Each structure stands twice: as C-alpha cells, then as structure tokens.
Amino acid sequence: MKRSKDQIISRFGYFICGHYSNKSQAHLFPKRFAHINIYMRPIPSRLVKGFSIYSEQSYAYSPWNPYRQSIYKITNFEGKFILKNYKLLNNIRVAGAGFYPQLINEIDEK
C-alpha cells in the first residue's frame, strides 16, 4: 500500500512526539547538568494547516516557566523531512502544555 505524502509526514510527526528527559544524566552528574524536560505534542489540524508540533523545554524544578517554546511545522521535500521552527506569539498562554496538552488549544496560527 502506497502512503500519501501527508500520511508519511503524520507518521514521522507522531513518531518524534513524546516526553524526553535527561533525569538520569542530571542525577549522575548534578554539577554539570540540570534536569530538564522536553515535550513534543502534536497540534490539532483544526488549529494550524499541515502537521505541526508544539515543543516545550523547561527545568524540572520550574515546569510552568519554560525557557524554550516553539512550533515545528513538518514538510517533506525530495524524501527529506524539513522541520521549520516558528516562534509563539502567545507563549505565556501555552506554557505548561507539556503537562497539560489541552493548553495547546490556545495556539492560533495568525
């Protein structure tokens, strides 16, 4: 069965979504590494066109104050995945969406 370009992009996008943490590294080397969390959550297609991911990075001790938030729009060009990085204009309204994905509904493509 041949997959469409959109199906391939969606499959890749869902594959990279999830929660990532360096907890064991931070506990082994606490003087060198802070414990951080990275969340990558799919954005519903009703909010943005194409497959996009919300990414949030925060220190474990301060999950409601992420130090990096962005949107990755995934495209496919000549068999290669391209992730375009976009800044959030309403980042405060979305902060914490790693823990509470329903906050992603505050994203507006405009």
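Residues are numbered from 1 along each chain as its sequence is written, and side-chain values use heavy atoms, with hydrogens and water left out. Because the model is predicted, local features need pLDDT of at least 70 and side-chain atom pairs count only at pLDDT 80 or more, whereas totals for chains, interfaces and linings use all residues.

**Exercise 1. Determine how the span of helix α1 relates to the expected value, and which of its residues are buried or exposed.**

Step 1. Helices (H or I, at least four residues) and strands (E, at least two) are DSSP runs, numbered from the N terminus. Helix α1 covers residues 5-16, which are twelve residues.

Step 2. The expected span is 1.5 Å times one less than the number of residues.

Step 3. Buried means under 20% relative accessible area, exposed over 50%, and partly exposed in between (1.4 Å probe, protein chains only). Ile9, Gly13 and Ile16 of α1 are buried. They lie on the same side of α1 because they cover an arc of only 70° around the axis, the arc being that of the directions from the helix axis to the C-beta atoms. On the other side of α1, Arg11, Tyr14 and Phe15 are exposed.

**Exercise 2. Describe the order and pairing of the five strands.**

Step 1. Two strands pair if DSSP finds at least two bridges between them. The five strands form an open, antiparallel sheet in the order β1-β2-β3-β4-β5.

Step 2. β1 and β5 are the edge strands, as each pairs on one side only.

Step 3. Four bridges join β1 and β2; in β2, Asn37 is the bridge partner of Ser21. Between β4 and β5 there are seven bridges, and Tyr72 stands opposite Asn85 in β5.

Step 4. β4 and β5 form a hairpin with two residues between them, and Glu78 in the turn has a positive phi of about 50°.
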